[in-house]
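Please keep the sequence and the 3D view at hand while reading.

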Amino acid sequence: MSDGPLSRVQLAHVAREYYVNRKTRVEIAEALGLSRFKVGRMLDEAIARGVIQFQISNTPGINAELSMALRQRFGLAQGIAVDVTVDTDVEVQAALGSTAAQLIDELVGPEDILGLTSGRTLNAMARELNRLPCRSVVQLAGVAGPIQESGLEVIRRLASLPNVQGWPIYASLVMSDAQTAQGVLRQPGVRAAVEMFDEVTVAFCAIGSWAPPNSLMMANPALDDLDRQRLLERGVVAEVASSLVTDAGAIVHDVDARCVAISEEQLRAIPSRVGVAGGPSKTRAIRAVLNSGLLTGLVTDIYTAERLLAG
């Protein structure tokens with residue numbers, strides 16, 4: 001086709017009918033007395049000549065290219081890289097919490113049961129929410145740090161929203177021994193939450209770092225210095241709930257019997273499991289957890305995404 005004004009008008013007409021008026025190639029072909037294959041070639045030519053120009057707008061606050069790269073590199077169902085201005089843990093927590101709150105509306109439906117662990121970032125997420133699309137929210141691990149940063153506080157905030165029932169765990173994440181943990185698990189309030197673990201369909205999880213240290217679980221007083229040293233010697237660099245993870249993604253079960261939390265097996269059975277974590281101190285831990293396959297999705301920041309993809 002020539003590049004004169006008549007041909008460009010025809011190309012523009014075909015492009016508008018197809019992209020703006022949503023007509024099929026067959027409908028356009030019948031209206032113009034052409035074959036649908038000719039219409040297809042005209043659309044390709046319109047792109048090549050610049051008659052059709054595409055402008056793809058990024059979602060504000062999200063880096064789409066890094067997000068898709070995370071999904072593809074780590075085999076995730078959801079990958080989100082949030083734009084932040086400063087590569088610091090404090091800046092990242094607020095930004096990730098806000099984005100995770102928006103993601104809940106996309107992933108959680110009325111029939112879902114939402115499970116949550118503890119952490120500063122998930123508390124930031126909870127503060128952003130004024131409604132939940134589901135009616136039940138379950139604490140997936142006992143208290144692992146200061147009460148204002150615990151899963152208990154997350155559940156308290158969300159259970160105060162309209163028409164939401166919370167299933168809290170009024171107990172520490174780690175006990176001094178397995179016998180004490182079993183006694184706590186038999187308590188009616190704790191048992192009610194634990195029995196909900198198998199019903200959870202969507203989980204949002206914080207990631208703790210053991211190397212470098214940035215973990216509420218690691219700081220739990222029920223773990224003494226000897227416990228921590230032994231776990232570090234076993235290669236633990238991260239945790240999700242009470243699942244301890246090595247760089248290679250292996251799960252270390254040494255303190256499972258002392259924990260009041262969802263098990264690795266139960267966590268993996270949840271259809272949608274989204275990690276919410278970022279910042280310089282968490283990068284190694286996040287990579288380890290991604291290697292473990294514990295998560296199906298990740299909300300992180302652009303700097304951490306770049307480090308994960310470069311590693």
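Glu153 and Arg157 both belong to helix α7 (residues 151-159), where they stand four residues apart, about one turn of the helix; helices here (H or I, at least four residues) and strands (E, at least two) are DSSP runs, numbered from the N terminus. The model is a predicted one, in which local features need pLDDT of at least 70, side-chain atom pairs count only at pLDDT 80 or more, and totals for chains, interfaces and linings use all residues. Residues are numbered from 1 along each chain as its sequence is written, and side-chain values use heavy atoms, with hydrogens and water left out.

The side chains of Glu153 and Arg157 form a salt bridge, with 3.3 Å from N to O. The term salt bridge stands for a side-chain nitrogen of Lys or Arg within 4 Å of a carboxyl oxygen of Asp or Glu. Side chains of opposite charge can pair when their charged atoms come close. Glu153 counts as buried, at 13% relative accessibility, while Arg157 is partly exposed, with a relative accessible area of 26%. For these classes, buried means under 20% relative accessible area, exposed means over 50%, and partly exposed is in between (1.4 Å probe, protein chains only). A network of salt bridges links Glu153, Arg156 and Arg157.

How many salt bridges does the structure hold? There are 12. One of them lies in helix α11 (residues 264-269), which contains both Arg268 and Glu264, again four residues apart and about one turn of the helix. Their side chains meet at 2.9 Å, N to O. Arg268 is partly exposed at 31% relative accessibility, whereas Glu264 is buried at 19%. Another salt bridge joins Arg191 to Glu195, and here the closest N and O atoms are 3.9 Å apart. Arg191 is partly exposed, with a relative accessible area of 37%, and Glu195 is exposed at 54%.

The next stop is helix α12 (residues 283-292). Seven of its 10 residues are buried, so this helix is largely enclosed by the rest of the structure. The buried residues of α12 are Thr283, Ala285, Ile286, Ala288, Val289, Leu290 and Ser292. After α12 comes Gly293, which has a positive phi, near 75°.

Asp87 sits in the loop between β1 (78-82) and α5. Asp87 is partly exposed, with a relative accessible area of 26%. Although Asp87 and Ile302 are 215 residues apart along the chain, their C-alpha atoms are separated by 8.7 Å.

A search of the whole structure finds two cavities of 30 Å³ or more. The search uses a 1 Å grid over the protein atoms alone: a cavity is a set of points where a 1.4 Å probe fits but cannot get out, a pocket is an open set with protein on both sides within 12 Å along at least five of seven lines, and lining residues have an atom within 4 Å of a point. Grid points are joined across faces, edges and corners, and a volume is the space filled by probe spheres set on the points.

The largest cavity has a volume of about 230 Å³. It is lined by 21 residues, and those closest to its centre are Ser118, Gly119, Ala206, Leu216 and Glu239. Its lining divides into nine nonpolar, nine polar and three charged residues. In this count Ala, Val, Leu, Ile, Met, Phe, Trp, Tyr, Cys and Pro are nonpolar, Asp, Glu, Lys and Arg are charged, and the others, Gly among them, are polar.

The second largest cavity holds about 50 Å³ of space. Its lining residues include Asp89, Thr121, Asn214 and Lys282. Which helix gives the most to this lining? Helix α5 (residues 89-107) does, with three residues. By type, the lining of the second largest cavity has two nonpolar, five polar and two charged residues.

The lining of the second largest pocket comprises seven nonpolar, five polar and two charged residues.

Finally, the surface. Tyr19 lies in helix α1 (residues 5-20) and is partly exposed, with a relative accessible area of 32%. Tyr19, Val20, Ile47 and Phe54 form a nonpolar surface patch with about 380 Å² of accessible area together. Patches are made of residues with over 30% relative accessible area and no salt bridge, where like charges are joined within 9 Å and nonpolar side chains (Val, Leu, Ile, Met, Phe, Trp, Tyr) within 5 Å. Accessible areas come from the Shrake-Rupley method with a 1.4 Å probe, and for residues only the protein chains shown count as cover.
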